[in-house]
Amino acid sequence: MTKDSKSKPGMDFWLLVFAAALAPLVGGHVALEARPIDLGMFGELFGGGALPYLARLIVGAPILCGLFLMAMRDRVIQLPNIRIIGTLTAFVFLLGFAILFGSFHYVSFGEWLTWFVYGGALFLTIGTVGRGRGAVIVAAAVGVSAAWVALLGVREYLEVMASEPTHRIFAGWNNPNAVASLFVCGALVNIGLGGRTPGIAKLLPVIGASACLAALVLTQSKGGYLAFGLGFAVYCGVLLASGKDKRPLGVGIAALALGLAIGLGATASAPKTPAGGALVRIGSGASAEQSVGFRQNLWKSAVSIAAKHPTGTGPGTFRFYSAEPGIIESTVFAHQSYLQLAVEGGWLALILYLATAVFWVSYAFRGIRKQPGETVAFRAGLLGAAIGLAGHGFVESNLSFMGSGLLLFILVGLTLQLSTDGTSPESVPRQLRFAIATLTCALPLVGLAVFAASEANKSVLATAVFRDLNPAKAVEAAGVIKANSFGDPEAIYLAGFYGSSSPKERAELVTQAAEAMPQPRLLRSAARVLAEEGKVDEAIAMNNKVFRIDPNNLNAHWLKIQFLQRKGDTSAVDEACRDLIKVESQTSFKVRAIPEIVPTETYDARLILAGDSEDRKEKIRLLEEALTGYARFMSVTAPLVKRLTNDQNPEYGGVSRQDVEETQKRAKEALATLKGLYGPSSSGINLTEISGALDFSF
């Protein structure tokens, strides 16, 4: 539909429709570390999350192929306003330039490729949908797909509410806050479709919007609620300001009422718990305070990192640098798309992105008063969805998810194409079209395929190691990775760890990987391998590199203590223990992402200091402090681990049942020592209470 609403749609248009429908279904995960394939390839794509790059390839390929077809077929192409082209192009290439200034080049390059898909979706939408039914078809694909995911989310809640009434739905996405962005988008797109659709047929999009709103309720995402409120206000405001028929307002109100009735009705039938009702997170002051407090620290950390790295750290690298200022523990997202862009792309990249948004707003609302009422209602829904998604970016990193990021750029394309002056037909020479299409379509597509292949190889190995427990399969999979690492540092690390022919080769490969991708996990692993080779000083030096980007890393501090113990340097061990205990005074220790997970490393350090001390009073003080902490761990963390772990999910928040049992053993030994130091007439902490807390069993 490149010429007008009556043009016959081409393959490029249908590829766009396919991608728009698929993005909500498979675009809800991000690429982190290798994970086992538990649900099969199909299951992992549609909710498992072990193959996010394969999902990006499957969604990105139609976009990039469609854009290439459009560029090669048409000399005259409908394009966005030149200002939008300029700022968006500069932004994407500046993101690529930021890769050079970070320490995680491979990860950054893979994340950068996603932005070519986003930009390609914008240009393909504008170039193929026309101004009539093409836009409706694309919007319907988004609305139906989002509603389907919403129904899956509602079913998810109904299946678990009897045993877990406070459950927040994931609906196949990485987390409830992320999928909330999809439901905001889906609800408003369906409301816009309902306002455009005549007669009783409008019931279908109203039902779709209601499903999205019901699912939004069940995410318990306060940011999602606010984002929908913003988008719905835009929808109502556009309709009221247009001077057109106000009946589409009733469509939105009806969808909202029905969605709330379904969502609240589902929670009303859930049983009560001692902690509260189904929506306890929404009404809980403690939950709100923790959530807001942690986000504020995240944002402070993001500003600090961006100030230290003004040219950016590279796309997708916030998780590696998040703990560098010492304000928060290591966290994947900034929970603020724009500050995360400032960190990863630099301040200029953020300015260019915001400039693109300003130019879009300046064109997206033009000409509404001159259009028919049904078109106004449709545009109002699309504008509300786009602005709702953009607003959600102030409290979540939704651009990191292919699903919500791609839909935002499709919506931007639809709203520009339906406006006046937002787009225009331009004649582009074939040679220039071929060069641009090759650079922005063919090469990113090949790159995504390479990343997807490496990811699949790593997941096969992770499956053999962690699920099948099959050493022979693991060695075979590691050999495949070694021969086809594609330059992926994590692949090299896994090949060295599970497929090396000698300890020396393993040390070389693991160290090589850690140098190329100096994240704490790889650095600590490399340090352990070096220590096993008897190179304790080199191991300490390698482990110390963790503190450059995560000064309060508890695991690295504890590993350093173990290495120093191996050297037999008691004074250095004690100093390292005191350094570890100092972490308790840091904000990152006090305000944690999962406050129910009580760290025990600082209490373990107190046991070492107590063992080395010759001062009875100091021994007692250290043991009392350690036991008070252990008791809190056993009272708060251990019951959650007992309830939420099983053979399929052996850990909760990085804590396993074995960890709980080992901590319990250390605590009981410390309790016995403290009782001996107290003597028959001494008193200190309540030993009965401590003993009761330690009396825990699975």
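**View 1. Helix H3 passes helix H5 in a left-handed crossing.** This is a predicted model, in which local features need pLDDT of at least 70, side-chain atom pairs count only at pLDDT 80 or more, and totals for chains, interfaces and linings use all residues. Residues are numbered from 1 along each chain as its sequence is written, and side-chain values use heavy atoms, with hydrogens and water left out. A crossing is left-handed if the near helix is turned anticlockwise from the far one by less than a right angle, and right-handed if clockwise. H3 spans residues 52–73 and H5 residues 105–128. Helices here are DSSP runs (H or I, at least four residues), numbered from the N terminus. The two axes come within 9 Å and cross at roughly 45°. Axes are lines fitted to C-alpha atoms over the stretch in contact, with angles from 0 to 180 degrees between N-to-C directions. H3 is therefore oblique to H5 (under 35 degrees is roughly parallel, over 145 roughly antiparallel, 65 to 115 roughly perpendicular, the rest oblique).

**View 2. Residues of H3 meet residues of H5.** The H3 side includes Tyr53, Arg56, Ile63, Leu67 and Met70. Among their counterparts in H5 are Glu111, Phe116, Val117, Phe123 and Leu124. Contact means heavy atoms within 4.5 Å. The contact residues divide into 12 nonpolar, 7 polar and 2 charged. Ala, Val, Leu, Ile, Met, Phe, Trp, Tyr, Cys and Pro count as nonpolar, Asp, Glu, Lys and Arg as charged, and the others, Gly among them, as polar.

**View 3. Isoleucine 84 lies in helix H4 (residues 82–98).** Isoleucine 84 has 2% relative accessibility, so it counts as buried (under 20% relative accessible area; exposed is over 50%, partly exposed in between; 1.4 Å probe, protein chains only). Beyond its neighbours within four places in sequence, isoleucine 84 touches Leu122, Thr356, Phe359, Trp360, Tyr363 and Leu416. Its C-alpha atom is 7.1 Å from that of tryptophan 360, 276 residues apart along the chain.

**View 4. Leucine 414 sits in helix H17 (residues 402–418).** At 1% relative accessibility, leucine 414 is buried. The C-alpha atoms of leucine 414 and alanine 261 are 31 Å apart.

**View 5. The structure holds 0 disulfides.** A disulfide is a pair of cysteine sulfur atoms within 2.5 Å. Cysteine 185 has its closest cysteine sulfur in cysteine 212, at 8.4 Å, too far for a bond. For cysteine 441, the closest is in cysteine 65, at 8.3 Å, again too far. Cysteine 185 is buried at 0% relative accessibility, and cysteine 441 is buried at 2%.

Terms used. Helices (H or I, at least four residues) and strands (E, at least two) are DSSP runs, numbered from the N terminus.
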